[in-house]
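Colleague: Could you walk me through this one? I have the sequence and the model open and a few questions ready.

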Amino acid sequence: MIDAAWASGAEIAAGVRRGEIASADVVDATLARIAARNGILNAFTTVTGQRAKARAAGGLSGSLAGVPFAVKNLFDIAGVPTVAGSKINRGHAPPTADATLIARMEAAGAVLVGALNMGEYAYDFTGENLHDGPSRNPHDTSRMTGGSSGGSGGAVAGGLVPIALGSDTNGSIRVPSSFCGVFGLKPTFGRLSRGGSFPFVASLDHLGPFARTVTDLALAYDTMTGPDELDPACTDRVDAPVLPVLEQGIGGLRLARAGGYFREGATAEVLTAFDEAAAAIEAVREIELPEVVRARAAAYVITTSEGAALHLQRLRTRAREFDPDVRDRLIAGAMVPAPWVVQAQKFRRWFRGAVLKVFEEVDAIIAPSTPFTAPPLGQKTFVLNGREVPLRPNIGIYTQPISFVGLPVVAVPVPGGSGLPVGLQIITAPWREDVALRIAAEMERRGIVRAPRPPE
Amino acid sequence: MSDAELAAWMDACAVVLGLEIAREWRDAVRLHLGITSAMAEQVMGFALPDEADPLPVYRA
């Protein structure tokens, strides 16, 4: 029998296809793991056990045959209200169909086992949730998972599922990947369909997978690509699968490391881990992205105003049912003058052009994902260079400017000096997920990046 | 912007948008307006030509 806590999706699928493992047994073992560990990790908000058992009983085939997975609770699951981390949405009628990406995962043989905790309406970087309680970091359960896809990071790092899906508007896949020490893929904006998911910021929302190996990330990604009429931003372009190129190595790639802004505000522990990993793949050239402070500011303005527009009616009628931290930011967001938002959108096009110029000279840029490792739950400030600064506004400083122009990023875990994982971003040009995944795969082969198994 | 200016902005918009802001929420909303206006100052401080359209359908 496989190691139910730590087997990769690829190992499970291979075993199921060869007839060595029954998918029903995999589902039973996964449900037992969730039952044993979720009381501590609080990653799952709904376990779809009956559905999973019924599906696995029939025998499964495909690239993800019998692979259990779970989704951030903003994905539609037929028959389960799409709560998106909120109290208000619990009263919504349950959807009659699964989200596009769930349907594609299951078409490849994967088995949905539940929905995962998240920050309310995805406006969060901590993984804390007022209504469901915080998701807890498997490496130290007194610490944050990061958010907003906190349950996704925690479920994969804690060995509850090999693959989870999440969303990333400003960093919500890359931040929990960093704090929890797992791999995450935020694909190019428009690459993976958002059909059947609860939105946050239409201009910036992305969906993507979490996993403990690069192969699993690639398997899930290849399974989920393709056009979808349900998402107006979803691309029609079809690129070759990435799984076959993971073995190609990084020879001939022009690798750089991010400097300037991406070194400011980081702890010594993060900088050391970043420098060592970048040096190990000879990412010597230091790149300073132009106007990156403004890019982050523009992403902030678009996020708060589009998010507020989405929730305006609920803010009018049910404001007391929001998490106050989310509510107060959204109320302010509703008051943003239109010219600011228009200018931010125009600036996004300018910044896109500037970034594309950089990618004429390099193929990938390595940068930290977060300025620090997972903070303790409830912490409001952190000490940087002897100075106390607010925590929440600083968590996403390195992720926000990148998603602003929709660049693909593979988030990879490296060991930190304190024993907690450190996350790095491998950033590539639009539509070059293949390059980012090749680099991540090479770093994994060389032992530079690895999802560490937490103690239990 | 001063606290009084931020409060005036908040109160005017609350009327326009039909939002009720409880007394105990006011400080936090005003704080977030201050942060947002500082962010917007960055954005508005960048000179773009009249021809600089956004991407009507955003492409990465």
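Colleague: Where does Arg453(A) lie?
Modeller: Keep in mind that this is a predicted model. The helix to look for is α14 of chain A, residues 433-445. Arg453(A) lies in the segment after α14(A).

Colleague: And is Arg453(A) buried, exposed or partly exposed?
Modeller: Count the C-beta neighbours of Arg453(A) inside 10 Å and you get 16. Buried takes 20 or more, and exposed takes 12 or fewer. With its 16 neighbours, Arg453(A) therefore counts as partly exposed.

Colleague: How far apart in space are Arg453(A) and Trp6(A)?
Modeller: Along the sequence, 447 residues separate Arg453(A) and Trp6(A). In space, C-alpha to C-alpha, the distance between Arg453(A) and Trp6(A) is 7.9 Å.

Colleague: Over to α5(A): how many of its residues are buried?
Modeller: This helix covers residues 150-157 of chain A and is mostly covered. The buried residues include Gly150(A), Ser152(A) and Val156(A). The count for α5(A) is 8 of 8.

Colleague: Now the two chains. Which element gives the largest share of the side of chain B that touches chain A?
Modeller: On that side, 28 residues of chain B are in contact with 36 residues of chain A. Two elements of chain B give two or more residues each: α1 (3-17) and α2 (26-44). The largest share, 10 residues, comes from α2(B).

Colleague: How many residues on that side of chain B are nonpolar?
Modeller: Set aside 4 polar and 3 charged residues. The nonpolar ones number 21.

How values were computed:
Residues numbered from 1 in each chain as written. Chains lettered and ligands numbered in written order. Predicted model: local features only at pLDDT ≥ 70, side-chain atom pairs only at ≥ 80, totals over all residues. Contact = placed C-beta atoms within 7 Å. Helix = DSSP H or I, 4+ residues; strand = E, 2+ residues; numbered from the N terminus. Nonpolar A, V, L, I, M, F, W, Y, C, P; charged D, E, K, R; others polar.
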